[in-house]
Each structure stands twice: as C-alpha cells, then as structure tokens.
Amino acid sequence: MSLPHAVVLLDLPVEDALARTGNRRGGGELHETADLLSLVRQHYETALAWLARTRPEVAVHRVDCRGRSAAEVTEAVREAVDSTAASARTRGGPDRC
C-alpha cells in the first residue's frame with residue numbers, strides 16, 4: 001500500500017456545518033450534533049498532526065469552506081491538487097494525486 005501525495009481537508013467550523021445541515025430539506029440528521037461534529041473535527045486534527053509528524057512527505061492542504069460557494073471550494077481543491085502534482089513532478093515522482 002502506498003500513501004497519497006496529499007490530503008485535502010475541507011474545513012468548516014462546527015457552527016457553520018450545523019447551519020448548513022439544518023437548512024437541508026427535512027432538516028439535519030439525528031447524529032449531526034455540535035458535540036459529535038466537534039469530536040469528529042478533533043479526531044481529524046489528531047490524525048493530520050500524526051501524519052505531519054510521521055509522514056512529512058504527504059502534503060496536507062486545508063481548504064477553508066466558511067462562506068464559500070461550492071464552486072469556490074471546488075476551485076480551491078483544484079488548486080491544492082495542482083500544487084501537489086507540480087511538486088511531485090519537480091521531485092521526479094508520478095504525476096498523480
């Protein structure tokens with residue numbers, strides 16, 4: 001198994017996530033609570049910190065999704081992937097992410 005060249009975290013504060021899920025048709029899911037979403041966020045932070053310590057060659061891109069449209073987030077992700085691909089090419093690695 002090989003590691004990816006990069007990880008892209010779509011970062012959205014818990015309060016914003018709750019507002020978005022509450023605006024869905026039919027409302028949010030029962031499991032979408034501030035406590036649970038905060039715990040999930042904390043676990044992602046722990047995992048990414050571990051990755052940075054143990055596998056610094058894996059690029060971590062954090063895309064701030066607060067106040068952004070889907071098109072803006074898509075463009076930010078595209079830029080992160082392009083950046084990783086360009087770095088891989090300069091290191092002589094395969095052009096894939």
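Arginine 55 touches Leu3 and Trp50 when residues up to four places away in sequence are not counted, a contact being heavy atoms within 4.5 Å. This is a predicted model, in which local features need pLDDT of at least 70 and side-chain atom pairs count only at pLDDT 80 or more, while totals for chains, interfaces and linings use all residues. Residues are numbered from 1 along each chain as its sequence is written, and side-chain values use heavy atoms, with hydrogens and water left out. The protein chain holds three helices and two strands, and these follow the pattern β-α-α-β-α along the sequence; helices (H or I, at least four residues) and strands (E, at least two) are DSSP runs, numbered from the N terminus.

**Chain as a whole**

- Of the 97 residues in the protein chain, 23% are buried, where buried means under 20% relative accessible area, exposed means over 50%, and partly exposed lies in between (1.4 Å probe, protein chains only).
- The accessible surface of the protein chain comes to about 7000 Å², and 55% of that surface belongs to carbon and sulfur atoms; accessible areas come from the Shrake-Rupley method with a 1.4 Å probe, and for residues only the protein chains shown count as cover.
- Among contacts in the protein chain with a separation of 6 or more, 63% are between residues 24 or more positions apart.

**Arginine 55 and its loop**

- Arginine 55 lies in the loop between H2 and S2, and this residue is partly exposed, with a relative accessible area of 38%.
- Although arginine 55 and leucine 3 are 52 residues apart in sequence, their C-alpha atoms are 9.0 Å apart in space.

**Salt bridges around aspartate 11**

- The structure holds five salt bridges, each being a side-chain nitrogen of Lys or Arg within 4 Å of a carboxyl oxygen of Asp or Glu.
- Asp11, Arg41, Glu45 and Arg62 are linked in a network of such bridges.
- Aspartate 11 lies in strand S1 (residues 6–11) and is buried, with a relative accessible area of 11%; apart from neighbours within four places in sequence, aspartate 11 is in contact with Arg41, Arg62, Val63, Asp64, Cys65 and Arg66.
- The side chains of aspartate 11 and arginine 41 meet in a salt bridge at 2.7 Å, N to O. Because aspartate 11 lies in strand S1 and arginine 41 in helix H2, this pair ties together parts that are 30 residues apart in sequence. Arginine 41 counts as partly exposed, at 29% relative accessibility.
- Arginine 62 and aspartate 11 also meet through their side chains in a salt bridge, at 3.5 Å, N to O. Arginine 62 lies in strand S2 and aspartate 11 in strand S1, so the pair ties together parts that are 51 residues apart in sequence. Arginine 62 is partly exposed, with a relative accessible area of 42%.
- Glutamate 45 forms a salt bridge with arginine 62, in which the closest N and O atoms are 2.8 Å apart. With glutamate 45 in helix H2 and arginine 62 in strand S2, the pair ties together parts that are 17 residues apart in sequence. At 31% relative accessibility, glutamate 45 counts as partly exposed.

- The largest nonpolar core has six residues, namely Leu12, Ala17, Val63, Cys65, Val73 and Ala76; a nonpolar core is a set of buried Ala, Val, Leu, Ile, Met, Phe, Trp, Tyr and Cys residues joined through side-chain atoms within 4.5 Å.
- Cysteine 65 is in contact with Leu10, Asp11, Leu12, Arg20 and Val73, leaving aside its neighbours within four places in sequence.
- In H3, the residues Val73, Ala76, Ala80, Thr84, Ala85 and Ala88 are buried, and what covers the buried residues of H3 includes S1 and strand S2 (59–64).
- The 21 residues of helix H3 (residues 70–90) should span 30 Å at 1.5 Å a residue, and this agrees with the end C-alpha atoms, which are 30 Å apart; the expected span is 1.5 Å times one less than the number of residues in the helix.

**Nonpolar surface patch**

- Leu36, Leu39, Val40 and Tyr44 form a nonpolar patch on the surface, with about 340 Å² of accessible area together. Patches are made of residues with over 30% relative accessible area and no salt bridge, like charges being joined within 9 Å and nonpolar side chains (Val, Leu, Ile, Met, Phe, Trp, Tyr) within 5 Å.
- Leucine 39 has its place in helix H2 (residues 34–54) and is partly exposed, with a relative accessible area of 39%.
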